[in-house]
Amino acid sequence: IIKESDKITKVAGDILHFARFSPEGFNITLHNISIFFTEIAYKFSRVYDLNIDFHSDEKIFLRFDKDLLEDCVHDLVRNAKEAGAKSVDIRVMPEEEFVRIVISNDGEQIPDTVIGQIFDPFVTTKSGGTGLGLANVRKIISAHGGDIRVEGKEQTKFIISLPM
């Protein structure tokens with residue numbers, strides 16, 4: 001009963017978070033994205049017992065809500081672990097007007113039948129999933145003026161673009 005109650009609480013929380021999402025409460029400040037990813041790579045590698053490698057050539061400063069971007073990366077890393085990944089690779093590359101963040105993993109690939117809809121609400125490949133995690137990630141990235149896409153040829157890669 002407790003286990004099922006916890007599942008219902010999680011689903012209800014996911015639905016409320018998705019429905020009540022508003023960028024008005026964002027705490028957007030300037031951060032060194034290299035330091036940000038170094039810290040969360042260390043933290044999530046411990047939490048999920050994963051090898052998380054972070055690569056960035058430069059010190060890049062961006063304006064973003066640190067907690068919300070961490071939530072996004074957390075969701076992507078947790079999904080990788082649940083897909084059987086042993087390692088996650090995070091690369092940050094500055095481009096002309098934006099920063100590209102590529103988060104790839106060696107876990108089970110997203111099926112071709114859902115890869116085009118993976119950011120849509122209630123689309124999930126997990127038996128106990130709500131299908132709202134990646135929909136929330138897309139909302140948060142979009143509210144920062146960025147975008148996110150997924151590729152799944154040899155590895156699953158989430159490519160995030162954020163404005164400089």
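Two residues are taken to be in contact when heavy atoms of each lie within 4.5 Å. By this criterion, in the predicted model, isoleucine 101 touches Ile33, Phe37, Ile90, Arg91, Val92, Phe158, Ile159, Ile160 and Leu162, leaving out residues up to four places away in sequence. Ile101 also stands out within the largest nonpolar core, which comprises 40 residues: together with Ile33 and Phe37, Ile101 touches the most other members. At least two residues of this core come from each of helix 2 (33–48), helix 3 (66–82) and helix 5 (133–143), and likewise from each of strand 3 (61–65), strand 4 (87–94), strand 5 (98–105), strand 6 (147–151) and strand 7 (156–163).

Helix 3 consists of 17 residues and spans 24 Å between its first and last C-alpha, close to the 24 Å expected at 1.5 Å a residue. Its buried residues are Leu68, Leu69, Glu70, Cys72, Val73, Asp75, Leu76, Val77, Asn79 and Ala80. At the start of the helix, a side-chain oxygen of aspartate 65 comes to within 3.1 Å of the backbone nitrogen of aspartate 67. Just after helix 3, glycine 84 adopts a positive phi of about 90°.

Histidine 31 is located in strand 1 (residues 28–32). With a relative accessible area of 17%, histidine 31 falls under the 20% limit and is therefore classed as buried. Beyond its neighbours within four places in sequence, histidine 31 contacts Ile60, Phe61, Leu62, Phe64 and Lys66. With one of these residues, phenylalanine 64, there is also a polar approach: the backbone oxygen of Phe64 lies 3.4 Å from a polar atom of the histidine 31 side chain.

Methods. Residues numbered from 1 in each chain as written. Predicted model: local features only at pLDDT ≥ 70, side-chain atom pairs only at ≥ 80, totals over all residues. Heavy atoms only, no water. Helix = DSSP H or I, 4+ residues; strand = E, 2+ residues; numbered from the N terminus. Buried < 20%, exposed > 50% of the residue type's maximum accessible area, 1.4 Å probe, protein only. Polar contact = N/O pair within 3.5 Å; in protein donor to acceptor, adjacent residues only side chain to side chain. Core = buried A, V, L, I, M, F, W, Y, C linked by side-chain atoms within 4.5 Å. Expected span 1.5 Å × (residues − 1).
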